[in-house]
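Here are some friendly notes to read alongside the model. Please keep the 3D view open as you go through the points.

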Amino acid sequence: MTLDRMAPAIFVLLWSSGWVLAKYVGPYADPFTLLALRNALTALAFGAIVVAFRAPWLSRPRDVGHALVTGVFLHGLYLAGVWWGVRHGVPAALSGIIAGLQPLMTVAAAPFMIGERVSRLQVAGILLGFLGISIAVLPRVLAIDPGITPISLVAVGVNVLGMVSVTFGTLYQKRFLAEGDLRTVAALHYVGALLVTLPLALVFEPEHRLVFGWPLVFILFWSVAVLSMGAVGLLLYLIRRGQVSRAASLIYLVPPLAAVQAAIVFGEALTLPMILGTVIAVTGVWLTNRKAKSPPVEVTPAE
């Protein structure tokens, strides 16, 4: 089997592991502190790649500004919201299911930001997707099942705000930064992410807790090399080979993959509402992206 066939599936598998990592990091580091370190290391790594391969930097200052702003939302506020939510009680599986909102939010916001029309089928898909997420999340928030530990509505809300952020970042880049070498843009994205996660760490995590040892080494390796570098590298490969649509089609597998990984690693329960809600939400996302002659949903490497 060639890399062309395997790359989309590998990309989505790696991307879905980001929600498991968000929970795994808890005992070893404060979330904002770890994200600030991750963004700094990734920015340096992409900067080194740009220099090594002599990739062209963006020539116009306004494009540099657009790349930084995109990074603030696409990687900074997005991961900050997800990791903070998971740290404060949102199960990794549920956080992955909430991530299924991103394609729905993108289609719903597209008419306002980039002027795309939304069909009736897409509206139905959006409504179905939000219904599925509600079915999956509300029983845990409202503690309907007394045998399951309830989760904070605030934590869920922050997690959802993270998805709003990545949606805005995706559309912002489509509107204001359609060109430029992707390696250079990626480096600037992570600089932008650092500009938001570093202040969050300084303000909300004064101890800057990092438990040095092999688990932290593994976390940083997986965060930087596997997720931020490996997943982005695969996305660059797919873009060059014209196979982004294949990766985008596999985005529907992210919520169930994240839930299965969380069940294996942490023993998180896969409740009936979570399973039913995931099926409904994935169906809604599939319907939302059936618009004819439209570009595929942009897959964001922001785990």
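Which residue with a positive phi follows α2? Arg54 does, with phi near 55°.

1. A word on the source: this is a predicted model, in which local features need pLDDT of at least 70, side-chain atom pairs count only at pLDDT 80 or more, and totals for chains, interfaces and linings use all residues. Residues are numbered from 1 along each chain as its sequence is written, and side-chain values use heavy atoms, leaving out hydrogens and water.

2. Start with helix α2, residues 31-52. Helices here are DSSP runs (H or I, at least four residues), numbered from the N terminus. The end C-alpha atoms of α2 are 31 Å apart, which agrees with the 32 Å that its 22 residues should span at 1.5 Å a residue; the expected span is 1.5 Å times one less than the number of residues.

3. Within α2 you will find Asn39. Its relative accessible area is 1%, so Asn39 is buried (under 20%; exposed is over 50%, partly exposed in between, with a 1.4 Å probe and protein chains only). Beyond residues up to four places away in sequence, Asn39 touches Tyr190, Ala193, Leu194 and Thr197 (contact means heavy atoms within 4.5 Å).

4. Back to Arg54, which sits in the loop between α2 and α3. Arg54 is exposed because its relative accessible area is 77%.

5. His208 is a residue other than glycine with a positive phi, near 50°. Look for His208 in the loop between α8 and α9; at 34% relative accessibility, His208 counts as partly exposed.

Definitions and conventions:
Helices (H or I, at least four residues) and strands (E, at least two) are DSSP runs, numbered from the N terminus.
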